[in-house]
Amino acid sequence: MINQELQKRSLPDLFLRADGTRVTDVPGWEAQRAYWRALLLSHEYGQLPPVVQPAVTVSVNPINFANKVVWETLRFTFSYGSKSHTVPAQLIYPRGAKGIPFFVMINFRPDIPDRYLPVEELIDNGFGIITFCYQDVTSDDGDFSNGLAGVFSEGERAEDSFGKITLWAYMAMRVMDYLETREEADLHCVAVAGHSRLGKTALLTAALDQRFAAAFSNDSGCSGAAISRGTCADGETTAEIFKRFPYWFCPRYESYVNDPTTLPFDQHALLSLIAPRIVGVGAADEDHWADNDSQYLCCVAASPVWDLYGKPGFLAPDRLPAIGDEFTDGNVGFHMRAGAHFFSRTDWLVYMRTMKKHFAK
Ligand code: GTR
């Protein structure tokens, strides 16, 4: 049943090389992986800026959750040419932690806790957290002169210049650079998480940076975890997203958005770059705009890449998604809770369960 649904979308074949031959093994896939990565960057999200190592300062926050946690405020100062910009981030971990799993949470607000970030519950479950507010990286609008956009922009935007999603993902990677210096983190168990536009960002982060062991994309929808070809009724289309948020993407994306069948890839290529690691796609039953069927189909379509690695991909029933679904036994996970567009505690519980299941020691 699900394969028939998938066939209706006529997706590009992930294993088909540009020369018409097919990938059949892992070394072949590694080259193909580079091919999809290059296409996604040059046609949808835009190129990454150069890697600049920021200077990082640390100060301990007096609030410590009943003396249970250490909360450090970090300040990442990026200097490039004559320009510089500082991005604050918050690092929170159980007191005395060594080698524990971490969530890099890209959030809408810098608040601790935040309605999308139940800090104490994550800590009580043995996770560390490092989080930053996306607009501290660069504003969520078409202004490319502020924040890291200002630091790395030179003149007119080119067809493949970074969109804002790429810049938010870039910051998550620099946060990972920093975590590599901290003994509190188990570097084999660092996940990146985000909601909605920042769920798209979480997927791109893990797709581009293989140091992330897992990515959790909550309600990311169009240009995130949802297939773009054949959007369901009420689901956001690429034309709609580009009309409202062109600056999330590179300028070249515009030439495809009115007819996504002209795109050389679909969003299953983004998910496939995360193989053979963990990806969790979160959906909410009332969130029709995020197009849950298309998110589910994306998991199905990407799954064969995990098979190639000899790892279970998406283990789910042969049907479209239903409320209450939680499929996390494979390395591609999906859940659909009741309710609306939101990063809820219910979603976090699924992501924490997924981490515990796959990274049990
Ligand atoms: C919507 C947008 C979605 C989603 C959401 C959000 O308006 O159309 O793709 O990203 O915003 O980020 O809150």
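Me: At what distance from the ring centre of tyrosine 116 does arginine 109 lie?

Reply: This is a predicted model, where local features need pLDDT of at least 70, side-chain atom pairs count only at pLDDT 80 or more, and totals for chains, interfaces and linings use all residues. Residues are numbered from 1 along each chain as its sequence is written, and side-chain values use heavy atoms, leaving out hydrogens and water. A charge sits over a ring if NZ of Lys or CZ of Arg is within 6 Å of the ring centre and within 35 degrees of the ring normal. Arginine 109 lies over the face of tyrosine 116, and its distance from the ring centre is 4.8 Å.

Me: Which residue lies over the face of phenylalanine 144?

Reply: The distance from the ring centre is 3.9 Å. The residue is arginine 157.

Me: Are phenylalanine 78 and tyrosine 170 stacked, edge-to-face or tilted?

Reply: Rings of Phe, Tyr and Trp (its six-membered ring) pair if their centres lie within 6.5 Å; planes under 30 degrees apart count as stacked, over 60 as edge-to-face and the rest as tilted. The centres of phenylalanine 78 and tyrosine 170 are 6.2 Å apart, with planes at 45°, so the pair is tilted.

Me: Are phenylalanine 78 and tyrosine 170 buried or exposed?

Reply: Buried means under 20% relative accessible area, exposed over 50%, partly exposed in between (1.4 Å probe, protein chains only). Both phenylalanine 78 and tyrosine 170 are buried.

Me: What is the angle between the planes of phenylalanine 245 and tyrosine 247?

Reply: Both residues, phenylalanine 245 and tyrosine 247, are buried. Their rings are 6.3 Å centre to centre and edge-to-face, with an angle between the planes of 85°.
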